[in-house]
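Hi everyone, thanks for coming. I'd like to walk you through one model today, so please have it up on your screens.

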Amino acid sequence: MATMEIGIATVMFLVVLALLFDFMNGFHDAANSIATIVSTGVLKPHQAVAWAAFFNIVALFLFQLKVAATIGKGTIDPAIVDHVVVFGALVGAIAWNVITWYYGIPSSSSHALIGGLVGAGVAKGGFGSLLAAGLIKTVVFILVSPLLGFLLGSILMVAVSWICFRTSQRKVDKWFRRLQFLSASLYSLGHGGNDAQKTIGIIWMLLIAAGISQNSDPVPVWVIVVCYLAIGLGTMFGGWRIVKTMGQRITKLKPVGGFCAETGGAMTLFLATALGIPVSTTHTITGAIVGVGSSRKVSAVRWGVAGSIVWAWILTIPCSALIAGGAWYVGRLVF
């Protein structure tokens, strides 16, 4: 990545913009962490977001920065990255997040950012600027993460049903209301560990382009800390609109179902983060919730709602890419 003449004021502005995206990522995706524990009545919304935010930040101490490396160096050619590309990518991702939040659509902040990078990268360097290996890995997991969440959620639900076959519903609910604290914690750890690293990767990319950091340098500690704090703070203010869709409209959840969905989703996120793959927490928990519902009976899932969510998934990367491409042209005139 070539060092460029980028003013310190521009760098500071883009860091703030990146942290705004990170905050909105937490705000937008808070529903993924808390929908099941709220819809089952284990915690009230304000208690649930505080719980999720705490574990978003604790994830700082648990995960290596493999996802940040994929975003920062494995999506578009580092040689074309400059402040205008970063600006375009962030504007595309933020705009799509605002649109989908407003309409209560649980789309992916992760894929909005990937789409933003693709759109801004193509606007500057053409399609040859895209790095196939990193993008293919991300696109494959658009399918793999919800399917794995579905599979793990349904397997856990079936296993628990057999284990608790002779136990009264009242006792099962009592046990799993407590166990949901554990499963929600694990899911929030996975959410923070995967999603905060996407913003870390963007800021890292910017600092290298500006010559403040070198390619061989580790990520500055202050970048890691502020990104985890920003996503945790965003989760604290998370939107209730998407919670309703995720926790109530797809299928009716009881504490045992909430536990299985969160645990299956958390297992998927831990695996993806260990492999350095930026996945969608939205896709993952949706797949797990559908898996839990369909393990009882197919009609327990409102497939029309699930279908509308899938359409949002399909549109996220191209729409955020188009917005980012337009923002790159505007940014070239402004900066």
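Let's start with Lys124 and Asp82, whose side chains form a salt bridge with N and O 3.0 Å apart. By salt bridge I mean a side-chain nitrogen of Lys or Arg within 4 Å of a carboxyl oxygen of Asp or Glu. Lys124 sits in helix α5 and Asp82 in the loop between α3 (66-73) and α4 (83-102), so this pair ties together parts that are 42 residues apart in sequence. Lys124 counts as partly exposed, at 33% relative accessibility, while Asp82 counts as buried, at 10%. Here buried means under 20% relative accessible area, exposed means over 50%, and partly exposed is in between, using a 1.4 Å probe and protein chains only.

A word on where this comes from: the model is predicted, so local features need pLDDT of at least 70, side-chain atom pairs count only at pLDDT 80 or more, and totals for chains, interfaces and linings use all residues. Residues are numbered from 1 along each chain as its sequence is written, and side-chain values use heavy atoms, with hydrogens and water left out.

How many salt bridges does that rule give? The count is two. In the other pair I want to show, Lys198 meets Asp195, with the closest N and O atoms 2.4 Å apart. Both residues lie in helix α7 (residues 169-209), three residues apart, about one turn of the helix. Lys198 is buried at 1% relative accessible area, and Asp195 is buried at 0%.

**The whole chain**

Stepping back, the chain has twelve helices and zero strands. Those are DSSP runs numbered from the N terminus: H or I of at least four residues for helices, E of at least two for strands. Of the 335 residues, 59% count as buried. Among contacts with a separation of 6 or more, 89% join residues 24 or more positions apart; contact means heavy atoms within 4.5 Å.

How confident is the predictor? The chain averages a pLDDT of 82, and 86% of the residues score at least 70; pLDDT is the predictor's confidence in each residue, from 0 to 100. Confidence is lowest in helix α9 (residues 240-249), with a mean of 49, and highest in helix α8 (residues 221-236), at 91.

**Two buried serines**

Now please find Ser320, in helix α12 (residues 303-334). Is Ser320 buried or exposed? Ser320 is buried, at 0% relative accessible area. A polar atom of its side chain lies 3.3 Å from the backbone oxygen of Ala112. Setting aside residues up to four places away in sequence, Ser320 touches Gly92, Trp96, His111, Ala112, Gly115 and Gly116.

Ser129 is in the loop between α5 (109-125) and α6 (132-163). Ser129 is buried too, at 2% relative accessibility, and its side chain reaches the backbone oxygen of Gly126 at 2.7 Å. Beyond its neighbours within four places in sequence, its contacts include Ile76 and Asp77.

**Helix α1**

Last stop: Val11, found in helix α1. Val11 counts as buried, at 4% relative accessibility. Val11 and Ala209 are 198 residues apart in sequence, with their C-alpha atoms 9.9 Å apart in space. Phe13 lies in helix α1 (residues 8-39) as well, and counts as partly exposed, at 40% relative accessibility.

Thanks, everyone, I'm happy to take questions.

Conventions
A polar contact is a pair of N or O atoms within 3.5 Å; within protein, one must be able to donate a hydrogen and the other to accept it, and residues adjacent in sequence count only if both atoms are side-chain atoms.
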